[in-house]
Amino acid sequence: MDIKTPKKYAENYTPAALSAAIAMIRDKKMSIKIAAKNFGIPRSTIRSRLSQKNQDQVRADPDTSLTHKEEMELEEWIFDMQNRGYSVTKNWLLDSVKQFLDTNNRETRFMNNRPG
């Protein structure tokens, strides 16, 4: 007996594709089902965006506290500590990030500049 497993979608569509799909549906050029298939967007996502008042707005991610370069340096530090025989715990990592942010007088959305 086969049990149907629900399809899992990774968000591999762009906001532009979602906007285009919604425009096609509103202009009655495509159905929701066909637009979902053509643009690779789940039908539930399209239905949800069609029913919302601000369906064209996409929620932006919050700004990052560290730059990409700083994150790479932190990653190198973790690997260096691992090679020296130390395992970096979560608390040690969070305290290190806090110390870095405090040293550079950087304001973040974290309480007391400590993530997590």
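A salt bridge is a side-chain nitrogen of Lys or Arg within 4 Å of a carboxyl oxygen of Asp or Glu. Keep that rule in mind. The model here is predicted, and by this rule the count comes to 4 salt bridges.

Start with confidence. The protein averages a pLDDT of 85. A score of at least 70 is reached by 84% of the residues. Helix 4, residues 68-83, has the highest confidence, with a mean of 93. Helix 3, residues 43-51, has the lowest, at 87.

Now take the pair R114 and D95. Their side chains meet in a salt bridge, at 2.8 Å from N to O. The two residues are 19 apart, and the pair links distant parts of the chain. R114 sits in the segment after helix 5, while D95 belongs to helix 5. How exposed are the two partners? R114 has a relative accessible area of 28%, so the residue counts as partly exposed. D95 is partly exposed too, with a relative accessibility of 40%.

Next, look at R106 and E70. Their side chains form a salt bridge of 2.7 Å, N to O. R106 lies in the segment after helix 5 (90-103) and E70 lies in helix 4, so this pair ties together parts that are 36 residues apart in sequence. Is E70 buried or exposed? E70 is buried, because its relative accessible area is 17% and buried means under 20%. R106 is partly exposed, at 24%.

A further bridge stays within one helix. K98 and D102 both lie in helix 5. They are 4 residues apart, about one turn of the helix. Their side chains meet in a salt bridge, with 2.6 Å from N to O. K98 has a relative accessible area of 25%, so K98 is partly exposed. D102 also counts as partly exposed, at 35%.

Which residues gather in a patch of positive charge on the surface? They are K33, K37, R43 and R47. Helix 2 (32-39) and helix 3 each supply at least two residues of this patch. R47 is placed in helix 3. R47 is partly exposed, with 44%, so R47 clears the cut-off for area.

How values were computed: Residues numbered from 1 in each chain as written. Predicted model: local features only at pLDDT ≥ 70, side-chain atom pairs only at ≥ 80, totals over all residues. Heavy atoms only, no water. pLDDT = per-residue confidence, 0-100. Patch = residues over 30% accessible without salt bridge, like charges linked within 9 Å, V, L, I, M, F, W, Y side chains within 5 Å. Areas by Shrake-Rupley, 256 points an atom, 1.4 Å probe, with all protein chains shown as cover. Lys, Arg positive; Asp, Glu negative; His and termini not counted. Charge placed at Lys NZ, Arg CZ, Asp CG, Glu CD. Buried < 20%, exposed > 50% of the residue type's maximum accessible area, 1.4 Å probe, protein only.
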